[in-house]
Amino acid sequence: MIISPKVRGFICVTAHPDGCKKNVLEQISYVNSQKKITDSPRKVLIIGSSTGYGLASRIVASFGSEADTIGIYFERPEMDGKLASAGFYNARALDEFSRTEGRLSESINGDAFSDAVKGETIALIREKCGKIDCIIYSLASPRRTDPVSGETYKSVLKPIGASFSGKTVNTDTEQILEISIDPATELEIEATCKVMGGEDWERWVDQLLAADVLAEGLKTCAYSYIGPEVTWPIYANGTIGKAKEHLEQSAKNIQNKLKKLQGEAIISVNKAVVTQASSAIPVVPLYNSILFKIMKQKGIHEGCIEQMYRLFSSHFDANRDELGRNRLDNLEMRDDVQREVKEIWPRISTENLRELSDFEGYRQDFLRLFGFEVAGVDYGKDMEIA
Ligand code: NAD
């Protein structure tokens with residue numbers, strides 16, 4: 001089979017196994033080019049480990065800290081001659097590369113929100129790994145079934161209190177459009193918190209604690225985003241922002257529960273990057289395109305892997321703010337960077353999109369998520385699919 005990209009809005013329904021593998025290898029090479037991280041966690045559980053920030057976390061843990069890792073993700077495997085999702089190919093490649101280096105690298109492909117997968121993980125930790133000393137929580141999902149009530153909640157990306165009207169880019173047609181989004185209902189806000197808040201993170205910690213598979217001094221870290229004013233109505237002040245507030249409250253609850261292990265629950269506020277999750281948020285692809293141009297010009301652009309190397313190599317103590325959060329978004333939020341975003345934002349139009357922003361960089365990053373446009377990959381090769 002010759003595999004080419006089939007983009008449908010903010011998702012690409014095909015993925016290239018060799019391209020995904022090469023992406024993973026490039027991230028490993030970056031980590032290998034940096035200083036080894038010492039005194040770092042030795043046994044790391046990454047929940048949401050197949051793409052984006054979770055994948056980069058796992059790569060840094062495995063190659064930067066030489067830790068054993070267990071990864072949890074929810075991806076479509078190859079089946080009946082049909083392609084797998086990109087995350088499946090990423091995870092498969094990472095297991096292969098890590099094991100070649102003699103590191104434990106075990107994966108579970110299933111619904112992390114379920115108690116069944118939590119139980120499977122506990123069994124795997126006991127059998128193969130021994131006590132975990134770090135848990136990374138990096139899930140991004142449109143829905144979650146509550147294991148207690150059986151109810152399925154769907155998250156929405158909407159403003160709260162008032163409609164939002166603003167600029168966005170149609171990434172297929174490269175047109176700048178005005179969009180208008182109605183405010184979320186109370187039920188939608190609640191559902192988004194159920195999916196993207198911290199309830200499930202806390203449930204993971206509760207069950208792992210009860211099973212006595214967490215080590216003294218355990219650190220657990222979940223990821224958040226704040227961003228600039230142009231994205232606030234849809235992000236920080238919207239439904240997803242509410243869910244992130246919930247996540248931060250969960251960090252406090254977890255911190256209390258970890259006292260007996262002298263552990264720590266940490267929030268890391270990361271930079272805006274191109275991932276499957278962020279591509280689905282209105283306004284964000286346009287903001288990213290502008291931001292990347294500015295950050296590249298200033299020589300301070302970072303992707304997931306650079307961010308996660310910074311987090312792990314700081315021992316989760318990177319530029320903490322007054323609320324104790326790691327601020328890996330410090331370069332993105334620099335005054336000079338945000339001043340330039342603000343200056344470009346009202347001027348950007350379909351005609352000058354490629355001149356005033358790095359839309360080309362955004363487009364390439366997006367396709368690379370699915371293993372396309374990766375240098376050195378033979379896209380004319382006939383690929384065998386199981
Ligand atoms: P992503 O879409 O790249 O990754 C999501 C991961 O979650 C994948 O590994 C996927 O398999 C897994 N997943 C989803 N549903 C699952 C389920 N039911 N069971 C098991 N695994 C499941 O997303 P991302 O952008 O890397 O986001 C990860 C975290 O980082 C999120 O909390 C997000 O808010 C945060 N963050 C993202 C950005 C950004 O710009 N992308 C910035 C700051 C913070």
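**The ligand and its surroundings**

A: In this predicted model, a backbone N or O atom of Tyr 53 lies 2.8 Å from an oxygen atom of the ligand. A polar contact is a pair of N or O atoms within 3.5 Å. A backbone N or O atom of Phe 74 lies 3.2 Å from a ligand oxygen atom, and a polar side-chain atom of Lys 244 is 2.8 Å from an oxygen atom of the ligand. Taken alone, the ligand exposes 840 Å², of which the protein buries 93%.

Q: Which residues come nearest to the ligand?

A: Among the 30 residues around the ligand, Ser 50, Tyr 53, Ala 112, Lys 244 and Thr 275 come nearest. The shell comprises 13 nonpolar, 13 polar and 4 charged residues.

Q: Which helices and strands each supply at least two residues of the shell?

A: They are helix H2 (52-64), strand S11 (214-224) and helix H8 (276-279). H8 gives the most, with 3 residues.

Q: Why is S11 largely enclosed by the rest of the structure?

A: A residue is buried when its relative accessible area is under 20%. In S11, 8 of the 11 residues are buried, so the strand is largely enclosed by the rest of the structure.

Q: Which strands are joined to S11 by bridges?

A: Strand S6 (residues 132-137) runs parallel to S11 and is joined to it by 5 bridges; Ile 135 has Thr 220 of S11 as its bridge partner. Strand S12 (residues 264-269) is also parallel to S11, with 6 bridges between them, and Ser 224 is partnered by Val 269 of S12. S11, helix H7 (residues 239-257) and S12 make a right-handed β-α-β unit.

Definitions and conventions:
Residues are numbered from 1 along each chain as its sequence is written. This is a predicted model: local features need pLDDT of at least 70, side-chain atom pairs count only at pLDDT 80 or more; totals for chains, interfaces and linings use all residues. Side-chain values use heavy atoms; hydrogens and water are left out. A residue is near a molecule or strand if one of its heavy atoms lies within 4 Å of it. A polar contact is a pair of N or O atoms within 3.5 Å; within protein, one must be able to donate a hydrogen and the other to accept it, and residues adjacent in sequence count only if both atoms are side-chain atoms. Accessible areas come from the Shrake-Rupley method with a 1.4 Å probe; for residues, only the protein chains shown count as cover. Helices (H or I, at least four residues) and strands (E, at least two) are DSSP runs, numbered from the N terminus. Ala, Val, Leu, Ile, Met, Phe, Trp, Tyr, Cys and Pro count as nonpolar, Asp, Glu, Lys and Arg as charged, and the others, Gly among them, as polar. Buried means under 20% relative accessible area, exposed over 50%, partly exposed in between (1.4 Å probe, protein chains only). Two strands pair if DSSP finds at least two bridges between them. A crossover is right-handed if, with the strands pointing away from the viewer, the path from the first strand over the helix to the second runs clockwise.
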